[in-house]
Amino acid sequence: MSFFLWLACADLTVGERVLGEEVVAQTLQVAAGQGRVVGLHGDTLISTDDVVMGDWRTGELSPQGLQHVRRVGLGEAGAWAWLKTDTVLSLPDGAVLTEFSGRPSAVDRCPNGEMLAVYGAGESVSCAEAGVLVTVCEGPVCDVRLGEEILDTVSPGGALSWLSGVPCWGDPMLEDERASGAVRCGDGTDIVGMEGDHLGLSLAGDRAAGRFNRHIVPPRLRIVSLSGADTWLIDTAAENSRVALAVSGAYVAIGVADFRRDDSGGRIYVVGP
């Protein structure tokens with residue numbers, strides 16, 4: 001790459017740093033598809049497809065013998081896996097936590113161990129000590145609700161999360177191919193993505209992401225800070241792919257299921273303070 005081409009790219013990505021290169025991270029090279037969903041709690045990381053779990057500091061992730069999994073999670077109440085049969089198992093023991101009926105669209109596990117589900121297309125749920133945050137959708141419009149209170153109106157498919165007890169929600173605007181997307185929080189935070197970002201598809205702690213964006217130069221996937229810190233970026237991934245995010249304390253896990261560099265499968269990064 002010539003100096004002038006490098007300079008042009010650098011100017012276009014001011015305040016953005018490549019994850020795993022300019023941003024120091026524990027980098028786990030995993031099989032293609034791994035990193036589609038990640039969970040993090042302390043030193044333990046869980047991911048799927050197929051489900052693996054272990055110590056992210058050593059990179060020793062052990063297969064859990066589970067396939068056909070919709071989502072996994074890891075928190076104060078322990079690890080869990082939501083199967084495509086709508087059974088939820090605890091891990092690593094494999095005990096049945098609950099069996100949902102009616103085909104939920106999203107589930108989450110509360111700190112006390114209770115499993116919650118929502119059922120409408122594009123709906124999400126996030127359960128924390130501070131409360132239960134859900135989106136309730138009717139067609140192209142969703143209400144973000146905290147208990148009986150309606151916090152905002154957004155598009156379907158956005159993620160929900162909590163940042164230091166403050167609710168945050170995504171508005172990815174998936175109906176418009178070139179939409180920026182946005183993330184808003186209960187404290188007035190309002191972050192808008194770049195054209196084509198669809199920001200708000202993933203949320204965890206202080207970080208939000210959308211899709212790998214071919215509408216910007218250079219093409220990249222941007223992982224934005226909600227508090228004004230530098231943006232992390234993935235500079236190679238499948239077009240329109242998204243990342244998975246999870247947070248535990250000051251650590252953030254980022255899953256890239258289709259890394260698209262040297263046919264090298266997936267990547268999971270863990271970034272510390």
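Predicted model: local features only at pLDDT ≥ 70, side-chain atom pairs only at ≥ 80, totals over all residues.

Q: What is the strand order in the open sheet of four strands?
A: The order is 3-4-5-6, and the pairing is antiparallel.

Q: Which strands stand at the edges?
A: Strand 3 (37-41) and strand 6 (60-63). Each has a single partner strand, so one side of each has no neighbour in the sheet.

Q: And what does the twist average from one strand to the next?
A: 20°.

Q: How many bridges join strand 3 and strand 4?
A: Five, in the antiparallel sense, with strand 4 covering residues 44-48. Within that pair, Leu40 stands opposite Leu45 of strand 4.

Q: Moving on. Where is Leu66 found?
A: In the loop between strand 6 and strand 7 (69-75).

Q: Buried or exposed?
A: Leu66 is buried, because its relative accessible area is 14% and the cut-off for buried is under 20%.

Q: What is Leu66 in contact with, leaving aside neighbours within four places in sequence?
A: Asp50, Val51, Ala81, Leu83, Leu89 and Leu91. As for Ala81, its C-alpha atom is 8.6 Å from that of Leu66, and the two residues are 15 apart along the chain.

Q: New topic: how many salt bridges does the structure hold?
A: 14. One of them joins Asp152 and Arg184, with 2.6 Å between the closest N and O atoms. Asp152 lies in strand 16 (residues 149-154) and Arg184 in strand 19 (residues 182-185), so this pair ties together parts 32 residues apart in sequence.

Q: Is Asp152 buried or exposed?
A: Asp152 counts as buried, at 17% relative accessibility. Arg184 is buried too, with a relative accessible area of 17%.

Q: What does Arg178 form a salt bridge with?
A: Glu195, the closest N and O atoms being 3.0 Å apart. Arg178 lies in the loop between strand 18 and strand 19, and Glu195 in the loop between strand 20 (190-192) and strand 21, so the pair ties together parts 17 residues apart in sequence. Arg178 is partly exposed at 45%, and Glu195 is partly exposed at 41%.

Q: Which residues are linked in a network of salt bridges?
A: Glu16, Asp197, Arg220 and Arg222.

Q: Last one: where is Ser202, and what does Ser202 touch?
A: Ser202 is in strand 21 (residues 202-204) and is buried, at 7% relative accessible area. Not counting residues up to four places away in sequence, Ser202 touches Ala159, Arg207, Ala208, Ala209, Val243 and Leu245.

Methods
Residues numbered from 1 in each chain as written. Heavy atoms only, no water. Helix = DSSP H or I, 4+ residues; strand = E, 2+ residues; numbered from the N terminus. Buried < 20%, exposed > 50% of the residue type's maximum accessible area, 1.4 Å probe, protein only. Contact = heavy atoms within 4.5 Å. Pairing = 2+ DSSP bridges. Axes fitted to C-alpha atoms, helices over the stretch in contact; angles between N-to-C directions. Salt bridge = Lys/Arg side-chain N within 4 Å of Asp/Glu carboxyl O.
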